[in-house]
Amino acid sequence: KTIYKGKNIQNKNYRRRMGSFLEILCAVLIPPVGVFLRFGCGLEFWLSLLLTFFGFIPGMVYAIWVLTK
């Protein structure tokens, strides 16, 4: 039983890291989508969308910052 639980914990850590990787990848390619995956249609998403309209780089920087904090 202990071995199974250990594999289950490793699997959860892998899924969490993979989810974070995909969110950051989306944040680099399409900033509002990466933020939407984590926060939904909250303030973070709308701010990311607004910054992306002003320029791609500010939207990308904000999205990565929000996802990594």
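Student: What is the relative accessible area of cysteine 26, and how is that value to be read?

Tutor: A residue is called buried under 20% relative accessible area, exposed over 50%, and partly exposed in between (1.4 Å probe, protein chains only). At 24%, cysteine 26 is therefore partly exposed. The model is predicted: local features need pLDDT of at least 70 and side-chain atom pairs count only at pLDDT 80 or more, while totals for chains, interfaces and linings use all residues. Residues are numbered from 1 along each chain as its sequence is written, and side-chain values use heavy atoms, with hydrogens and water left out.

Student: Does cysteine 41 count as buried or exposed?

Tutor: Cysteine 41 counts as exposed, because its relative accessibility is 53%.

Student: How many disulfides does the structure hold?

Tutor: A disulfide is a pair of cysteine sulfur atoms within 2.5 Å. The structure holds 0 of them.

Student: How many helices and strands are there in the protein chain?

Tutor: Helices (H or I, at least four residues) and strands (E, at least two) are DSSP runs, numbered from the N terminus. The protein chain has 4 helices and 0 strands, and its pattern along the sequence reads α-α-α-α.

Student: In which helix does leucine 22 lie?

Tutor: Leucine 22 belongs to helix H1, residues 2-29. Its relative accessible area of 43% makes leucine 22 partly exposed. Leucine 37 stands 15 residues from leucine 22 along the chain, and their C-alpha atoms are separated by 9.3 Å.

Student: Which residues of H2 are buried?

Tutor: In H2 the buried residues are Pro31, Pro32, Gly34 and Val35. Viewed down the axis of H2, these residues fall within an arc of 160°, so they line one face of the helix. The arc is that of the directions from the helix axis to the C-beta atoms. After H2 comes glycine 40, with a positive phi near 75°.

Student: What is proline 31 in contact with, leaving aside its neighbours within four places in sequence?

Tutor: Contact means heavy atoms within 4.5 Å. With neighbours within four places in sequence left aside, proline 31 is in contact with Cys26, Ser48, Thr52, Phe56, Gly59, Met60 and Ala63. Proline 31 lies in helix H2 and is buried, as its relative accessible area is 1%. Between proline 31 and tyrosine 62, which are 31 residues apart along the chain, the C-alpha separation is 8.2 Å.

Student: What should the 12 residues of helix H3 span?

Tutor: The expected span of a helix is 1.5 Å times one less than its number of residues. Helix H3 (residues 43-54) has 12 residues and should span 16 Å at 1.5 Å a residue; its end C-alpha atoms are 17 Å apart, which agrees.

Student: Which are the buried residues of H3?

Tutor: Phe45, Ser48 and Thr52 are the buried residues of H3. They cover an arc of only 65° around the axis and are therefore on the same side of H3. The face turned away from that buried side carries the exposed residues Leu43, Phe53 and Phe54. Among the elements that cover the buried residues of H3 are helix H2 (31-39) and helix H4 (56-68).

Student: Which residues are buried in H4?

Tutor: H4 has Gly59, Met60, Tyr62, Ala63, Val66 and Leu67 buried. Their arc of only 165° around the axis puts them on the same side of H4. The 13 residues of H4 should span 18 Å at 1.5 Å a residue, and its end C-alpha atoms are 18 Å apart, which agrees.

Student: Where is the place of alanine 63?

Tutor: Alanine 63 is in helix H4 and is buried, given its relative accessible area of 0%. Not counting residues up to four places away in sequence, alanine 63 touches Ala27, Pro31, Val35 and Ser48. Threonine 52 is 11 residues from alanine 63 in sequence and 9.4 Å from it in space, C-alpha to C-alpha.

Student: Which residues make up the largest nonpolar core?

Tutor: A nonpolar core is a set of buried Ala, Val, Leu, Ile, Met, Phe, Trp, Tyr and Cys residues joined through side-chain atoms within 4.5 Å. The largest one here has 5 residues in all: Ala27, Val35, Phe45, Ala63 and Leu67.

Student: What percentage of the 69 residues of the protein chain count as buried?

Tutor: Of the 69 residues, 23% count as buried. Among the chain's contacts with a separation of 6 or more, 43% are between residues 24 or more positions apart.
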